[in-house]
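Q: Got a model open here and want to talk through how its pieces pack. Can you walk me through it?

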Amino acid sequence: MTIADFLTSPLPDPSDPPEGEDFAGPDRYFNRELSWLAFNWRVLEEAENPRVPLLERLRFLSISATNLDEFYTVRVAGLRELAHAGNTTPAADGRTPAEQLRLINSDARRLLARQQDVYRQLCTEMADEGIQILAKEDLSRADEKYLDDVFLSNVFPILSPLAIDPAHPFPFIPNTGYTLALQLERSADKKTLRALLPIPHQIDRFLPLPAPEGQHRFLPLEDLLLMHLGSLYPGYQIKGHCTFRVLRDSDLEVEDEAEDLVREFEVALKRRRRGEVVRMTISAGAPAGLKRIIMSELPVRDDEVVEVDGIIGVAALSELVLSERSDLLWPTFTPRVPERVQDHDGDMFAAIQQKDMLLHHPYETFDMVIRFLAQAANDPRVVAIKQTLYRTSYDSPIVDALCEAAEQGKSVTALVELKARFDEAANIRQSRKLERAGVHVVYGFLNLKTHAKISTVVRREGDRMVTYSHFGTGNYHHITARIYTDLSLFTCDPALGRDGTRLFNYLSGYAQPQSLENLSISPMDLKSTLIKRIGEESAHARAGRPAKIWAKMNALIETDVIDALYDASQAGVEISLVVRGICGLKPGIKGLSENIRVKSIVGRFLEHSRIVCFGNGHGLPSKKARVYISSADWMGRNLNRRVETLVECTNPTVKSQIVGQIMAANMADEAQSWVLRPDGTFFRPDREEGKRRFNCHRFFMENPSLSGRGSAGASDVPELTHSDD
């Protein structure tokens with residue numbers, strides 16, 4: 001498909017409203033939790049996609065399991081708490097917490113069963129490629145001797161076998177804890193013993209065995225333990241066993257009046273380990289007595305237990321994505337250094353002075369963000385740096401640059417968000433490192449997460465101070481930046497510099513800005529700005545002018561925004577949305593949303609950027625369009641309970657890049673796209689035999705962006721014709 005094909009393709013015929021559904025009420029929305037499960041099904045489908053390299057398919061399988069674990073420990077845990085408290089307040093779609101839990105558990109059980117089917121298929125294909133996952137019955141004498149040494153030297157010293165009897169109470173099993181349960185009998189007097197053997201997470205789940213060159217053989221750790229029970233329980237025979245794994249409520253509760261936020265989070269992190277069990281997976285055929293004791297002691301109910309005929313803890317399969325088997329992975333891709341930066345011999349400030357620069361990660365290297373801050377740290381003309389940090393890596397070069405700047409005497413302020421879920425402990429460590437270097441660390445608001453991605457650098461140039469700003473759609477995390485698609489806008493626009501300073505004043509001093517020039521922020525005016533722009537498109541449509549909206553995000557749930565989109569559709573605005581994950585909007589329904597189409601892209605890279613383009617009375621693509629990038633998804637939490645940014649891009653080259661290249665390619669993609677039907681199901685576009693489909697990720701890897709092209713003109717937009725499944 002070319003971009004021309006996409007722009008001239010008609011919207012699908014709208015569906016008649018299903019009988020009995022009331023689109024003036026909750027039937028106008030899809031359920032958030034069920035929509036998330038539908039997304040995870042799409043992730044799992046990639047593990048079955050024969051066009052994806054074999055070990056990347058294994059990675060998708062592992063990701064689907066990790067996603068589901070987090071979903072249960074946070075979202076399901078919250079619904080469970082509401083249901084147990086008797087709360088019947090419905091979600092936007094009208095379902096109570098208890099009703100949602102029933103549907104979630106039913107769909108999740110199907111998903112877990114499908115994961116096992118996919119795992120068995122991948123094992124067969126991996127064996128054909130010389131990668132074997134063995135059972136203890138498959139081992140030779142030489143293997144057993146080798147494993148004896150491995151067990152005694154690397155495993156035995158850290159095992160803690162635990163008896164279960166009146167003198168030994170049932171131990172605490174932490175979140176994601178994986179445990180071997182045993183039923184034993186003493187040979188001397190036939191006395192029985194029940195015991196638990198926690199499987200240590202400090203050791204790889206899959207142990208490598210000697211193998212011929214070019215081949216790989218692995219044994220699961222639990223099989224090694226079963227082989228060596230005699231060393232742990234001499235004089236006993238095993239009469240039965242099973243394995244089980246628990247997931248616990250992992251949401252954090254922090255006191256509203258905490259005097260020391262860091263200390264309060266440290267205490268809350270300890271509480272997280274001990275949250276109630278929300279799901280237990282147990283191996284099929286577990287001895288009835290063992291299973292009964294485990295369920296009673298945890299405790300869990302029947303509907304919270306899933307029997308698994310296969311491998312428990314599918315997430316651990318990520319260990320088998322072997323870097324040395326490059327033939328079974330995506331081809332190596334090296335991100336580009338923008339020509340504009342090369343034209344200025346790597347000087348970020350000079351490149352930004354020329355004009356605004358937008359980088360599209362991971363196709364353009366995230367190293368430019370690091371270089372921007374590292375250069376600022378070592379530039380004697382830089383006097384101040386301000387930075388938000390939501391998620392960072394353990395050895396973050398961003399944090400190192402901020403520390404270096406502070407140690408050189410610059411004024412450095414870092415907003416560290418302690419409430420970034422599952423990164424709380426890492427962010428506490430980083431905040432202490434920054435403070436030791438002399439950085440002024442602030443933690444923002446107790447009741448709002450700071451999710452905005454912004455850096456400002458103040459530089460003395462002649463007799464004036466110039467503010468250089470970076471606004472991003474993704475985190476300052478140099479590892480995830482290799483696989484997440486995100487945008488980085490670099491600018492020295494004075495208005496955006498002033499807006500950035502006002503935002504930091506709000507974060508550090510609670511001084512709410514009276515006005516902003518070119519920036520909208522939540523929870524103040526970001527949502528109202530979106531709704532206002534959507535309304536303006538409706539007015540254009542009613543006046544007979546071209547009216548279009550293109551938007552891209554990770555999730556669309558906020559009902560006020562959805563209702564504004566419905567109204568725009570009914571006014572005649574053509575709306576095309578790329579929503580990777582959760583979508584509460586029902587597209588293509590006559591009288592409600594017949595002018596809206598929604599797709600999800602799941603492929604080599606994780607779509608993460610947030611973009612919205614309004615035709616502004618001129619349609620799309622158009623030089624007259626109003627174009628925004630944002631840190632915020634269109635969810636209640638982002639628009640009402642977080643500090644987020646929405647930045648209007650006014651530079652013509654940046655606008656052309658976003659509308660005519662990034663968004664156009666996303667809209668035209670078919671190879672990795674799933675289209676949302678009015679009934680909530682997704683389908684892939686028909687694949688005619690022998691016909692290749694346009695792949696936006698491949699296109700971006702092969703075509704440089706506009707705003708980083710040095711002296712190249714903005715009119716040279718590559719034709720979107722590259723196809724690749």
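A: Helices (H or I, at least four residues) and strands (E, at least two) are DSSP runs, numbered from the N terminus. This is a predicted model, where local features need pLDDT of at least 70, side-chain atom pairs count only at pLDDT 80 or more, and totals for chains, interfaces and linings use all residues. Residues are numbered from 1 along each chain as its sequence is written, and side-chain values use heavy atoms, with hydrogens and water left out.

Q: OK, at what angle do α2 and α3 cross?
A: Roughly 165 degrees, with the axes of α2 (residues 32-46) and α3 (residues 54-84) coming within 8 Å. The two helices are therefore roughly antiparallel to each other; angles under 35 degrees count as roughly parallel, over 145 as roughly antiparallel, 65 to 115 as roughly perpendicular and the rest as oblique.

Q: Which residues make that contact?
A: On the α2 side they include W36, L37, F39 and V43, and on the α3 side F60, L61, L68 and F71 are among them. Contact means heavy atoms within 4.5 Å. By class there are 11 nonpolar, 3 polar and 5 charged residues. Ala, Val, Leu, Ile, Met, Phe, Trp, Tyr, Cys and Pro count as nonpolar, Asp, Glu, Lys and Arg as charged, and the others, Gly among them, as polar.

Q: And α12 against α13, what's the angle there?
A: Roughly 10 degrees, again with axes within 8 Å, for α12 (residues 367-378) and α13 (residues 397-407). That makes α12 roughly parallel to α13. V369, I370, L373, A374, A377 and N378 in α12 meet P397, I398, A401, E404 and A405 in α13.

Q: How do β1 and β6 pair, parallel or antiparallel?
A: Parallel, over 3 bridges, and Q132 stands opposite R217 in β6.

Q: What about β17, mostly covered or mostly open?
A: Mostly covered: 7 of the 8 residues in β17 (residues 484-491) are buried. Buried means under 20% relative accessible area, exposed over 50%, partly exposed in between (1.4 Å probe, protein chains only).

Q: Which strands does β17 pair with?
A: β10 (residues 357-361) runs antiparallel to β17, joined by 5 bridges, with L359 partnered by S488. β16 (residues 464-472) is antiparallel too, over 4 bridges, and F471 stands opposite L489. β22 (residues 606-607) pairs with β17 in the parallel sense over 2 bridges.

Q: What's the phi of D345?
A: Positive, about 55 degrees, although D345 is not a glycine. D345 counts as exposed at 75% relative accessibility.

Methods. Axes fitted to C-alpha atoms, helices over the stretch in contact; angles between N-to-C directions. Pairing = 2+ DSSP bridges.
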